[in-house]
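Colleague: I have just opened this model and would like to learn how to read its contacts and interfaces. Could you take me through them step by step?

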Amino acid sequence: METKSIMIVGVGGQGSLLASRIIGNVLLNQGFDVKVSEVHGMSQRGGSVVTYVKYGDKVYSPVVEKGEADIIISFEQLEAARYVQYLKKGGHIVTSTQQIDPMPVITGAAVYPENIIDKLNGLGIDVTAVDALTLAEQAGTAKASNVVLMGVVSKKMDFDEAVWQQALEQCVPAKFLELNKKAFALGREQV
Amino acid sequence: MKTLMLGNEAFARGLYEAGCKVVSSYPGTPSTEITEAVAKYDEVYAEWAPNEKVAMEVALGASIAGVRSFCGMKHVGLNVAADPLYTAGYTGVTGGMVIAVADDPGMHSSQNEQDSRHHAAASKTMMIEPSDSAECKEYTKMAFELSEKFDVPVIVRMSTRVAHSQSAVELCDREEREPIPYKKDAGKYVMMPGNAIRRHPIVEDRMQAIAEYGENCPLNTVEDNGCEIGVITAGICYQYAKEALGDKVNYLKLGIVNPMPVQIIKDFAAKCKKVYVIEELDDIIETHCKKNGVDVKGKELFGWLGEISQTKIRDKILGIQPEFNTFEDNVPVRPPVMCAGCPHRGLFYCLSKLGVTVSGDIGCYTLGATAPLCAMDSTICMGASISALHGFNKALGAEAEKKSVAVIGDSTFMHSGMTGLVNIAYNATNSTVIILDNSITGMTGHQQNPTTGKNLKGDPAAAVNLEELCHAIGIKSVRVVDPYHMAETEAVIKEELAKEEPSVIISRRPCALLKYVKHKPALHCDQDKCVGCKQCLKIGCPAISIHNKKMVIDHTQCVGCGICTEMCKLGAIKGNEE
């Protein structure tokens with residue numbers, strides 16, 4: 001099988017590491033060769049963060065480049081726009097509708113673009129936009145919006161729900177498992 | 001069973017399986033998780049040292065004692081540890097000694113993108129370079145064997161993409177090893193001139209022997225696809241090349257990057273019409289090839305800057321460029337910022353307001369240099385803030401002393417800041433040094449340090465008392481402030497700047513991300529009272545933004561630190577309980 005690429009993008013602190021580990025384990029459990037690439041350190045502090053997940057018969061480079069991503073999962077609208085160049089022609093975007101102003105917008109040095117999702121659709125891209133933050137709060141904590149998005153993505157990939165549930169159990173500490181399963185279910189209901 | 005592991009976690013697993021006994025490191029992105037992961041194995045003693053030089057000396061001491069030892073650091077950390085490394089190159093080892101150095105091409109989290117391979121060549125030590133997590137584990141185990149076989153410290157060179165990528169790893173059991181009985185050997189380990197002069201020829205012979213070993217060993221491998229084009233590469237670049245070029249070229253993958261073999265390269269090149277060297281940062285492999293009469297193309301195509309990728313290789317060798325969509329609007333950049341509730345924010349706002357010259361250092365607080373605070377004039381390396389301030393003040397005299405400060409974190413101060421403070425006391429400038437004591441090593445992700453009262457495993461440990469330490473160094477004026485109280489903090493900074501003596505201000509408040517820190521409920525902005533004056537935006541808090549010309553506070557980010565309430569003269573920002 002040709003290597004497939006997923007990008008998870010968002011703002012440092014939104015939980016992209018957990019999301020990448022969940023997807024990575026889903027794919028490993030399915031018998032794929034998998035590489036997950038994270039960036040730690042300074043960019044965690046509220047900066048734009050990117051995580052790559054690649055899978056196939058044999059994966060070499062852990063990095064996803066422009067025009068290579070089959071799916072982009074975005075935790076924040078502006079980040080979806082920032083990384084749209086990385087999407088393969090015909091690829092999908094799953095994005096939260098959450099907006100977090102970056103510092104240049106807060107200080108007035110730049111403007112947050114309007115109608116991002118419409119503009120992405122205008123490029124002919126299949127965009128699934130969900131209010132992951134509100135759904136996560138319904139599940140019990142704003143922090144679970146990453147797992148809400150996993151629920152959405154699970155409908156866009158051809159694996160049984162049981163495989164995702166198994167990965168959740170592998171990656172989420174026991175005391176938060178029920179809450180995260182609820183968040184995941186709410187995400188799945190959106191598609 | 002296969003497990004997904006970060007390169008760094010796999011490295012740690014390799015240390016464990018190889019029977020490594022003593023680990024001493026200083027945190028530094030992208031190397032930190034090796035030591036954090038190995039600390040979870042009870043069979044291995046692991047510690048955070050105050051700096052990389054100490055860590056390497058601890059590891060060498062353990063090796064001399066006869067056990068397998070390890071120290072880990074980032075690329076710039078190896079500069080700090082270069083002194084023991086270069087002489088460990090002469091002494092060699094007893095128990096195997098392995099060093100991890102993590103380079104950061106592209107500077108994801110570093111102040112430069114130096115190439116650590118120079119250190120291996122200059123210190124006449126062996127360096128090997130894995131390209132994925134499985135190799136991180138296997139190479140680490142091999143590194144110990146090679147260290148003992150050739151009597152040499154072995155450096156395992158990591159890079160950000162190898163260290164921070166997860167891939168599948170097969171786990172094995174630990175092999176316990178009996179320590180090699182200690183025997184005094186002054187000729188090998190007392191490096192005074194008379195002994196060192198006898199060690200040097202041994203070192204040269206050893207490096208020759210390793211180069212010969214590299215001609216036929218499992219680390220340097222040829223993949224002959226019967227093609228006209230050959231690629232010589234190492235580490236992560238091998239993975240990029242395989243992805244870009246598949247089986248359209250032949251490969252020589254160098255697992256040993258110092259010292260490099262000669263004949264295997266000549267034989268490989270002789271079978272190809274054209275040979276490319278694909279390596280990030282400097283032209284180490286390329287120069288080696290050319291020195292040995294092998295015609296290769298490298299830096300003229302791939303350049304000296306940042307990371308290489310499959311895209312770059314496809315472009316330069318196959319002439320293929322990617323196709324992609326572009327978003328129509330300008331997308332504002334999202335630089336990293338100090339977190340909501342960060343205790344450094346209040347302090348940096350005061351410095352910004354006072355307009356003083358700020359000699360900065362390495363840590364989260366380097367973000368004080370960014371807009372809107374813009375309160376930093378220089379940042380060089382670990383500990384440089386204090387020594388550079390002294391030099392600045394010696395150059396410009398009394399006027400500068402009253403308008404300049406150094407800022408340095410607690411961990412960085414212990415690393416190499418305190419020697420600079422000794423210099424200020426000893427060589428007398430009336431400098432003002434601010435220690436940003438957030439009770440943790442923040443930027444690398446919360447590691448303990450000698451001031452926190454806990455060790456790497458989280459057990460209670462002796463804590464350095466910063467006030468007493470500064471007094472003992474000879475600084476009489478030592479003040480402690482809480483940076484959440486900006487008016488008081490500003491007043492203390494003004495007082496200390498005015499004094500005709502050196503002083504230290506300890507700005508003390510634990511990192512807002514620490515689990516034990518209890519936060520207040522999120523604040524909110526009363527939309528009736530807010531006039532949109534934007535005063536509160538001057539502190540650069542990511543939780544505060546403007547909507548419909550009024551301020552709003554993001555309740556998912558705000559931790560109720562209250563600094564913004566000091567900025568708002570109208571009392572529009574309130575606690576949610578009010």
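**Contacts, domains and chains**

Modeller: Start with one residue: leaving aside neighbours within four places in sequence, His75(B) is in contact with Val101(B), Ala102(B), Asp103(B), Asp104(B), Ser110(B), Asn112(B), Glu113(B), Gln114(B) and Ser116(B). Contact means heavy atoms within 4.5 Å. This is a predicted model, where local features need pLDDT of at least 70 and side-chain atom pairs count only at pLDDT 80 or more, while totals for chains, interfaces and linings use all residues. Residues are numbered from 1 along each chain as its sequence is written, chains are lettered from A and ligands numbered from 1 in the order written, and side-chain values use heavy atoms, without hydrogens and water.

Colleague: Is His75(B) buried or exposed?

Modeller: Buried means under 20% relative accessible area, exposed over 50%, and partly exposed in between (1.4 Å probe, protein chains only). His75(B) has a relative accessible area of 0%, so this residue is buried. His75(B) lies in helix H4 (residues 75-80) of chain B; helices (H or I, at least four residues) and strands (E, at least two) are DSSP runs, numbered from the N terminus.

Colleague: Into which domains is chain B divided?

Modeller: Domain bounds come from an automatic or database domain assignment. Here they give domain 1 (2-216), domain 2 (220-318), domain 3 (343-508) and domain 4 (523-575).

Colleague: How much area do domain 1 and domain 3 of chain B bury between them?

Modeller: Buried area is the accessible area (1.4 Å probe) that two parts lose on being put together, summed over both. For domain 1 and domain 3 of chain B the value is about 1300 Å², 58% of it on carbon and sulfur atoms. Tyr26(B), Trp48(B) and Gln111(B) supply 37% of the area that domain 1 of chain B buries against domain 3 of chain B, more than any other three residues.

Colleague: How many salt bridges are there across the interface of chain B and chain A?

Modeller: A salt bridge is a side-chain nitrogen of Lys or Arg within 4 Å of a carboxyl oxygen of Asp or Glu. The rule finds 5 across the interface of chain B and chain A. Glu243(B) and Lys54(A) form a salt bridge through their side chains (2.8 Å, N to O). Between domain 1 and domain 3 of chain B the count is 0 salt bridges.

Colleague: How many residues of each chain are in contact?

Modeller: 63 residues of chain B touch 62 residues of chain A. The area buried between the two chains is about 5100 Å².
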